[in-house]
Amino acid sequence: MEFEKITGIEERGETVIKVKSEYKICTRCIMDTTDPEIVFDENGYCNHCRWYYANVNKIVFKGDDAEKRLNQIVEEIKANRRGEYDGIIGLSGGVDSSHAIVKTVELGLKPLAVHFDSGWNSELAVKNIENLVRKLNVDLYTFVIDWEEMRDLQKSFFYASVANADVPQDHAIFAALWKIAEEKKISYIISGSNYATECILPTEWGYDSKDSKHLKAIHKKFGSLKLKKYPTMSFFKLYIYCPYIKRIKSIPILNYMPYVKKEAMKILENEFGWRYYGGKHYESVFTRFFQGYYLPAKFGYDKRKAHLSSLIVSGQMTRDEALEEMKQNYYTEEKIREDKTFILKKLGLTEEEFAKIMSLPKKTFRDYPSNYMLQTFFNRYTHLFGRFLRSIKTNLISKSS
Ligand SMILES: [Zn+2]
């Protein structure tokens, strides 16, 4: 099928892409040409929703199949318990992770909740987390980041002028979870990541926070401190050491059950005294400002489009409702000013320095070293690699017996 290339990027490496400046929005979801890499087919459907519908049966489990798989997973988790807990869950206080921990407890599992104190959590997020763990009777471990190092990293990403400037927070949360799992002999990292609410996200809008090579490259170029306490996760550790040597598995548990965000929010509000933040990932003050102001103002990227498009394709919202939702403005001028003052003060940036950051020429993650190709390859063929390792193990066992 022929795709029409619509992009604002004139040159990317050696590939020169035809430039078209006119605006276009998908006729099925609400992704549009603010994604520089979007392509449309003859029906006006974009590559994002096309990918979802082509893969939905492989990624989202329904009915008996989902129930069977979920039961198998729960039994497997219980059978492999090595320490005090069945699994570890990173609890941001947002809808997805909060719902995931409620479901995990309902399934009869004993999780350890980990709250990551990045220095940016809103008071409401802390309150929501406290309510949740108290009512669920779940142990809570708080991981406190070294603030000086975090600040140095976040400023580095701003100066690198990339759209994935939330990587320092996300990578640390992810790396800390694996580190704690290893220390506490926990075999499963249960997460609220799911296809129902976050299956669409353009690579250009938020390149993979798991890539430590990328994080270190940007920090080396723009940072001023040495990273001593900041937790990182190397490619080897992520793809080989943890899954195959330490046998730690990641379980996106919400993919094995029907997940309707509105219903989950209602239960959280009614049963756990949970309160909404006004936007996805707005539990962190930094992320609220980054997604609500920095990305749209500097790059023209509005992550709400990706989030609402995910809800459209997963049948939780109509396209008209999503377009209507886009007109709502929860993040008011006054709130933006308030957050900006707070964030600049905390990061130690003056208004002039931040204005300079906003006007720096826009870069993409591709302008800095990364494991993009390697990770893409491994993500696609990781099951074959697992099969290869298992066959070696079987051969060794049969030879020794
Ligand atoms: Zn679409």
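Helix axes here are lines fitted to C-alpha atoms over the stretch in contact, and angles run from 0 to 180 degrees between N-to-C directions. The model in these close-ups is predicted.

**Figure 1. The whole chain, to get your bearings.** The chain has 401 residues, and 37% of them are buried. If you take the contacts between residues at least 6 apart in sequence, 77% of them link residues at least 24 apart.

**Figure 2. Helix α3 packs against helix α10.** Here α3, residues 95-106, meets α10, residues 261-272, at an angle of about 70°, and the two axes are 10 Å apart. That angle is why α3 counts as roughly perpendicular to α10, the range for that label being 65 to 115 degrees. The crossing of α3 past α10 is left-handed. On the α3 side, look for V95, S98 and H99; on the α10 side, they meet K261, A264, M265 and L268. Sort the residues of this contact by class and you get four nonpolar, two polar and one charged.

**Figure 3. A five-stranded parallel sheet.** Reading across this open sheet, the strand order is β7-β6-β5-β8-β9, and the pairing is parallel. The edges belong to β7 (139-144) and β9 (249-252); each has a single partner strand, so one side of each has no neighbour in the sheet. From one strand to the next, the twist averages 30°. Helix α3 also shows up in this view: it lies across β5, β6 and β8, and runs at about 155° to β5.

Figure 4. Strands β5 (residues 87-90) and β6 (residues 111-117) run parallel and are joined by four bridges. Move on to β8 and β9 and you find a parallel pairing with four bridges, where S191 stands opposite P252 of β9.

**Figure 5. The side chains of β8.** Which residues of β8 point one way, and which the other? Y188 and I190 share one direction, while I189 and S191 take the other. Whichever way they point, Y188, I189, I190 and S191 are all buried.

**Figure 6. G94, a glycine between β5 and α3.** G94 belongs to the loop that links β5 and α3. Is G94 buried or exposed? Buried: 23 other C-beta atoms lie within 10 Å of G94, and the cut-off for that class is 20 or more. Y276 is 182 residues away along the chain, yet the C-alpha atoms of G94 and Y276 are 8.1 Å apart. Neighbours within four places in sequence aside, G94 makes contact with H281 and E283.

**Figure 7. Two loop residues with positive phi.** Most residues other than glycine have a negative phi, which is the reason for this view. N137 is not a glycine, but its phi is positive, about 60°. You'll find N137 in the loop between α4 (123-136) and β7. With 8 other C-beta atoms within 10 Å, N137 is exposed. K185 is another non-glycine residue with a positive phi, near 55°. Its place is the loop between α6 (167-183) and β8. K185 has 13 C-beta neighbours inside 10 Å, so it counts as partly exposed.

**Figure 8. Helices α12 and α13 side by side.** Helix α12 (residues 303-313) packs on helix α13 (residues 319-327) at an angle of about 155°, with 9 Å between their axes. The two helices are therefore roughly antiparallel to each other, a label for angles over 145 degrees. The crossing of α12 past α13 is right-handed. From α12, the residues R304, L308, L311 and I312 meet R319, A322, E325 and M326 of α13. By class, this contact of α12 with α13 holds five nonpolar residues and three charged ones, with no polar residues.

Technical notes. Residues numbered from 1 in each chain as written. Predicted model: local features only at pLDDT ≥ 70, side-chain atom pairs only at ≥ 80, totals over all residues. Parallel < 35°, antiparallel > 145°, perpendicular 65-115°, else oblique. Left-handed = near helix turned anticlockwise from the far one by under 90°. Contact = placed C-beta atoms within 7 Å. Nonpolar A, V, L, I, M, F, W, Y, C, P; charged D, E, K, R; others polar. Pairing = 2+ DSSP bridges. Buried ≥ 20, exposed ≤ 12 C-beta atoms within 10 Å, placed from the backbone.
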